[in-house]
Amino acid sequence: MSEPILAHRAVLLQEAVDALALRADGTYVDATFGRGGHSRAILDRLGPAGRLIALDRDPQAVAAAGEIRDARFSITHAPFSELARVLDSAGVAQVQGVLADLGVSSPQLEDAARGFSFRADGPLDMRMDPTRGVSAADWLATATEQQMREAIGGYGEERFAKQVAKAIVDARAREPLRRTEQLAAVVAAAVRQRETRREVGQNPATRTFQALRILVNRELEEVALMLPQAIRRLAPGGRLAVISFHSLEDRLVKRVLRACSEDRLPSDLPIRARELPQAPLRITGKARRASSAEISANPRARSATLRVAERTGAAFDESILDRIGPEPWRS
């Protein structure tokens with residue numbers, strides 16, 4: 001096993017696993033296996049009758065899961081937007097918990113051949129599943145300047161999106177942008193000419209690379225598709241735990257959980273009726289963040305936010321989500 005994989009640390013490991021309130025005989029889903037940190041911790045707490053179903057869209061992650069020799073464990077190569085299909089294939093109607101650790105993993109970032117990072121030169125790919133979809137290089141080769149501006153500004157929250165988009169269009173007219181080093185240099189030149197208050201230590205290309213990664217992998221759309229499936233498949237008392245790593249993901253998760261936990265009954269109903277569970281979810285506690293000790297040991301944990309909700313006995317009506325709009329990550 002390579003050093004990047006050995007160095008990988010699951011973020012908010014104990015907090016996330018504790019949040020699931022595991023039952024020894026329960027069935028659980030790890031929707032983002034990664035390198036298995038959360039999965040192994042869950043298996044350690046399950047009894048002989050317990051079961052863990054994992055998913056990951058990255059073939060390398062699925063291959064790494066082959067190291068787990070446990071009859072209670074299975075993994076499927078699939079994005080978590082296909083959660084319901086995977087559970088149907090496994091013959092599972094309901095589960096006692098779902099854990100989703102969103103975003104890019106450390107092994108993906110540290111492997112230059114995957115093209116996620118500007119820190120080492122590699123092909124400008126960025127696909128979590130290299131067997132599907134369009135690479136970042138191919139998208140940049142055909143996207144209009146306006147499309148780039150909207151993606152970089154919307155997904156990367158880059159205030160110089162207009163300048164970056166124009167710089168990319170000008171650069172690709174001279175030569176194709178196929179390498180991470182090329183793109184990082186183009187973005188850095190466009191940002192540094194205008195930058196006055198970039199976050200200390202942040203590379204000028206950070207926000208643009210984040211935007212392209214989110215776009216290429218349809219990350220926010222994937223989360224928006226996964227959450228209702230997870231809520232629908234949770235048994236009463238089951239827990240949903242989601243770890244996000246940037247503001248767009250967290251905003252989306254927060255809005256969905258809040259919408260599904262609000263009581264929409266008229267205020268003049270009798271108190272006895274209002275005591276009944278009326279929303280499909282109940283938010284359990286405040287958002288959790290990594291401790292200073294974990295951040296010191298694993299700087300990636302600095303931006304992590306864990307949100308947890310518990311399934312009630314009320315029916316889940318997906319029209320609830322109509323209130324948050326088609327793109328609930330938007331501010």
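**View 1. Glu 262 is partly exposed, with a relative accessibility of 35%.** This view, like the rest, comes from a predicted model. Glu 262 forms a salt bridge with Arg 323, and their closest N and O atoms sit 3.0 Å apart. This pair links distant parts of the chain: Glu 262 is in the loop between helix 13 and helix 14 (271-274), while Arg 323 is in the segment after strand 8, 61 residues apart. Arg 323 has a relative accessibility of 41%, so Arg 323 counts as partly exposed too.

**View 2. Salt bridges that share partners make one network out of Glu 82, Arg 85, Asp 129 and Arg 132.** Side chains of opposite charge can pair when their charged atoms come close. Looking at the whole structure, you'll find 21 salt bridges.

**View 3. Asp 250 and Arg 307 form a salt bridge.** Their closest N and O atoms are 2.6 Å apart. Asp 250 belongs to helix 13 (residues 247-259) and Arg 307 to strand 8 (residues 305-311), so this pair ties together parts that are 57 residues apart in sequence. Are Asp 250 and Arg 307 buried or exposed? Both are buried.

**View 4. A patch of positive charge gathers Lys 254, Arg 255, Arg 258 and Arg 289 on the surface.** Helix 13 supplies the largest share of this positive patch, with three residues. Lys 254 is found in helix 13. With a relative accessibility of 34%, Lys 254 counts as partly exposed.

**View 5. Strand 8 is mostly covered, with seven of its seven residues buried.** In a regular strand, side chains alternate between the two faces of the sheet. Here, Thr 305, Arg 307, Ala 309 and Arg 311 point one way from strand 8, and Leu 306, Val 308 and Glu 310 point the other way. All of these residues are buried, whichever way they point. Arg 307 is also the residue that forms the salt bridge with Asp 250.

**View 6. Strand 8 pairs with strand 5, strand 6 and strand 7.** How many bridges join strand 5 (residues 234-244) to strand 8? There are six, and the pairing is antiparallel. Within that stretch of the picture, Arg 239 has Glu 310 of strand 8 as its bridge partner. Strand 6 (residues 281-283) pairs with strand 8 over three bridges, again in the antiparallel sense. Arg 282 has Glu 310 of strand 8 as its bridge partner. Strand 7 (residues 288-289) is antiparallel to strand 8 too, with two bridges. For Arg 288, the bridge partner in strand 8 is Leu 306.

**View 7. Ser 106 and Ala 10 are 96 residues apart in sequence, but 9.2 Å apart in space, C-alpha to C-alpha.** Ser 106 has its place in helix 6 (residues 106-110). Why does Ser 106 count as buried? Its relative accessibility is 10%, and the cut-off for buried is under 20%.

**View 8. Ala 21 has a positive phi, near 50 degrees.** Most residues other than glycine have a negative phi. Where does Ala 21 lie? You'll find Ala 21 in the loop between helix 2 (13-19) and strand 1 (27-30). Ala 21 counts as partly exposed, at 41% relative accessibility.

**View 9. Arg 218 has a phi near 50 degrees, a positive value in a residue other than glycine.** Arg 218 lies in the loop between helix 11 (206-217) and helix 12 (219-233). With 43% relative accessibility, Arg 218 counts as partly exposed.

Methods:
Residues are numbered from 1 along each chain as its sequence is written. This is a predicted model: local features need pLDDT of at least 70, side-chain atom pairs count only at pLDDT 80 or more; totals for chains, interfaces and linings use all residues. Side-chain values use heavy atoms; hydrogens and water are left out. A salt bridge is a side-chain nitrogen of Lys or Arg within 4 Å of a carboxyl oxygen of Asp or Glu. Helices (H or I, at least four residues) and strands (E, at least two) are DSSP runs, numbered from the N terminus. Buried means under 20% relative accessible area, exposed over 50%, partly exposed in between (1.4 Å probe, protein chains only). Patches are made of residues with over 30% relative accessible area and no salt bridge: like charges are joined within 9 Å, nonpolar side chains (Val, Leu, Ile, Met, Phe, Trp, Tyr) within 5 Å. Accessible areas come from the Shrake-Rupley method with a 1.4 Å probe; for residues, only the protein chains shown count as cover. Lys and Arg count as positive and Asp and Glu as negative; His and the chain ends are not counted. The place of a charge is taken as NZ of Lys, CZ of Arg, CG of Asp or CD of Glu. Two strands pair if DSSP finds at least two bridges between them.
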